[in-house]
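Look at the model below, then follow its strands and helices step by step.

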Amino acid sequence: MIVRQTPERAEWFSSGPPPRTVVFDSSRLQAVGTRPPLTEYLVQLWGSRHFVLYDARVRLSVSQEHTMLGKAWLVLNPALLGLTFLLIFGLLLGTRDGVENFIAFLLVGIMMFTYSSRAIVAGARSMASGRALIRGFSFPRAALPLSINVRDLMSQGFVLVAMIVMVLAIPPLEPISWRWLLLIPIVALQTIFNWGFGMLMAPLVHRIPDVGNLLSFAMRIWMYSSGIFYDPSRFVTDERWMLLFEANPLYQVLSMSRDCLIYGITPEWWQWTVLVVAAFGTWLLGLWVFWRNEESYANER
Amino acid sequence: MSAEPRTAPSGRRRATVRNPAVVVDDVTVVYTVTSTGGGDEVPVSAPVRLARRALGRPPIVRNQALTNITLAVEEGESVGFIGRNGSGKSTLMNVISGQLNPTSGRVYAADVPAKLGVNVSLVPALSGERNMRLGCLAQGMTPAEVDAKMDELIHIAALDKAIHWPMKAYSSGMAARLRFAVATATDPHILILDEALGTGDAQFQDRGKARMQEIREQAGCILFVSHSMAEVRTMCSRVVWIDEGELVMDGDPGDVIAVYERFMKDLAAGNNKSALAMRDEAREALVRTVVADLGPSAAQPGGTAA
């Protein structure tokens, strides 16, 4: 039996009435607010799946509640974004030269990239946006970035439908092929990457909220360097520079989905490898970092 | 540092709490907050001070919210926490429920404590019913369990048709009803109520008290923060008085409330000196608690367990 002896306690022993000793068994009680081992943490996260799904669904349904058109904005937002870029870069500037079916090229690029930038920024800020739930209930905090990613995947569903309709409707028309189905694993891997990256950034953004502001700019730079409205092979002649583009998982997401949807090219195995390694590597690292910091999310900023 | 506990021989009382549901072991909380005055700033180097001034950030002060709190709460107990505003009651509740990490010390509990606070607003744009469902799922209930419980919860909340309105249209009392229903939905072993019933009307307070009685009968324990001495007197079997982050009294509701009311009356009358003297005297007479871990991590010489 061990009683810790602090200076204050020594003082109590010497003055005032004698203390009473309460004996308890810490193996029967759990320490409040401590981080469980990683495997147990994952079991708890699995246990909160009902909460994650419901939270994602209701958050999506109320996200446009304040507007008159409501859920129509889930489709209008990406469509208008596509039109804006089309106007600026397609018609006024001339980057379209040399890119076959530039309209579809641009739409696919923007709609696929904004998914990642939305999900990563929201995931990184999830500890602030979920504060009410964190203060109210105790659940594994990793449920919040997961729920945000499920929500963004759901809203990306609308965007993908809009994207495919536009590719089908705006000339030059592309033939429908079995390769369009490859979009499913591409989006799945992209989602795992977003989720992992959001979890990786969340502890840092919680500790230093200023990073959240910087992150939006970082995503903007990432967007422009992922060949969103240009084909890098047109500007980059040096093989070594091209490697930089090809190691960028989001460039691979854009390039692979364009190949599948527009150009009728099956992505090569090394492209899949880059994406799989980046997605699962980021996810594992993100989960580990997020779990390591589990106790810190209780500290208010 | 460890030492043999000084126990029985000297006639000290031993292990009066047999089955603690909550053990607060030597918890200290120190906050840092920004302060626009008072002059008790944490000293920082000159460049940092200049940079903070240039950015318009006020200096930081330290606030000792809790000092070496040690408590044990038995199963089936209903403990009232009383004290002035800012005395550290809510901070202690946040630490016990795991929403705030103590600066030092630790809290052990038999189960995950469910806390019902004054300012937990769920999703304001969502209807009351959906917020209720979300809160239940967040506590780890399955959708089937929520469905089975929903009618009962709606009855406890007694919000009539407002249950379908978005929560942003709720008054503070209505929101408190909803939160109370959600927090007690899982039949929590340990329920923390932080001035939860204060905003409610008589009907809600009666239902709330009945629900709390049920929880106590299931061997759960309730930690109850309130400024209403009448409420504390009727609902608590033990009262803890906290002042300036320290335990002052801990015991029978009648005794503690009598001294506390005299203390508050003196303060209100402006007799600060005599009030503080009374408090210090009570604090001197407090029987401190020392907790001892019998768990597998602790060495057990001779097996002194009762």
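Four strands form an open sheet in the order E3(A)-E5(B)-E2(B)-E3(B), and their pairing is antiparallel. Strand E3 (30-31) of chain A and strand E3 (60-74) of chain B are at the edges with a single partner strand each, so one side of each has no neighbour in the sheet. Helices (H or I, at least four residues) and strands (E, at least two) are DSSP runs, numbered from the N terminus. Two strands pair if DSSP finds at least two bridges between them.

The model is predicted: local features need pLDDT of at least 70, side-chain atom pairs count only at pLDDT 80 or more, and totals for chains, interfaces and linings use all residues. Residues are numbered from 1 along each chain as its sequence is written, while chains are lettered from A and ligands numbered from 1 in the order in which they are written.

Within chain B, strand E2 (residues 20-34) and strand E5 (residues 104-109) pair in the antiparallel sense over 5 bridges. B:Thr28 is opposite B:Ser104 in E5(B).

Now turn to chain A. Chain A contains 14 helices and 3 strands. Its C-alpha trace spans about 90 × 50 × 35 Å along its principal axes. The radius of gyration of chain A is 25 Å, whereas a compact globule of 301 residues would have one near 19 Å. This radius is taken over C-alpha atoms, and the globule rule is 2.2 Å times the number of residues to the power 0.38.
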